[in-house]
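Morning, everyone. Let's get the model up on the screen, and then I'll talk through its charged side chains.

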Amino acid sequence: MGVADARPVVVYVEDDADTFKIAAVRLKTKYRLLWAQNDVEAVDLITFHQKELFAVLMDIELRGSTLDGLELVRLLKGHPLLHTQLPAFARRLPVLHAVPVIVLTAYAARYSEAEVHAVGAAHFVTKPIDFTRLNLALAQANIAAVMKRLERVSEQPGVARDQAEPPATPSRR
């Protein structure tokens, strides 16, 4: 019987194999990195792993895809597409407000950080990837996602406030 992999699941939507391989080597000790090479694979992986998904790393320009990374982020965050008809495969993509999306791109001059945040991304990291910055973005995005989950739980009718807050740390004696 095998041991379950306890590392958090991160889906990386990236069309370039070399970029993914570098990220896999740099992130493999902390995260279980799953690779989606295009929009269809992204929908499949995110849908399949939605309950255990820690974060999504999203390239913007995806060669051979119908949807680009920003359109996928919009859908993940529950925003409608503006100028593109939704392909049938994309209708399966769940809305995941609490899962942080970090956009990675080599085309920082083409896309503003404000534009990336407007579609629902938590962070914007340029390529070549600064892995210290990416790890910090993953940590910050996770903290924000946990806070959002706690807010939603505390707003539910019939949930006592003490059930919604994390337990206090034990005091030292």
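Lys 127 and Glu 14 are both buried, meaning under 20% relative accessible area, with exposed set at over 50% and partly exposed in between (1.4 Å probe, protein chains only). Their side chains meet in a salt bridge, 2.5 Å from N to O. By salt bridge I mean a side-chain nitrogen of Lys or Arg within 4 Å of a carboxyl oxygen of Asp or Glu. Lys 127 sits in the loop between β5 (123–126) and α5 (131–155), and Glu 14 in the loop between β1 and α1, so this pair ties together parts 113 residues apart in sequence. Helices (H or I, at least four residues) and strands (E, at least two) are DSSP runs, numbered from the N terminus.

Some ground rules. This is a predicted model, where local features need pLDDT of at least 70 and side-chain atom pairs count only at pLDDT 80 or more, while totals for chains, interfaces and linings use all residues. Residues are numbered from 1 along each chain as its sequence is written, and side-chain values use heavy atoms, with hydrogens and water left out.

Back to that pair. Glu 14 and Lys 127 belong to a network of salt bridges that also links Asp 59.

Now Asp 15. Where does Asp 15 lie? In the loop between β1 (9–13) and α1 (17–27). Buried or exposed? Asp 15 counts as buried because its relative accessibility is 13%. Its side chain reaches the backbone nitrogen of Arg 63 at 2.8 Å. Leaving aside neighbours within four places in sequence, Asp 15 is in contact (heavy atoms within 4.5 Å) with Gln 37, Asp 59, Glu 61, Leu 62 and Arg 63.

How many salt bridges does a search of the whole structure find? Seven. In general, side chains of opposite charge can pair when their charged atoms come close.

Two more of these bridges. Asp 44 and Arg 92 meet through their side chains at 2.6 Å, N to O. Asp 44 lies in helix α2 (residues 39–49) and Arg 92 in the loop between α3 (69–76) and β4 (101–105), so this bridge ties together parts 48 residues apart in sequence. Asp 44 is partly exposed at 36% relative accessible area. Arg 92 is partly exposed too, at 42%.

Then Asp 5 and Arg 7. Their salt bridge has its closest N and O atoms 2.5 Å apart. Asp 5 counts as partly exposed at 35% relative accessibility, and Arg 7 as partly exposed at 28%.

That's my tour. Over to you.

Conventions: Polar contact = N/O pair within 3.5 Å; in protein donor to acceptor, adjacent residues only side chain to side chain.
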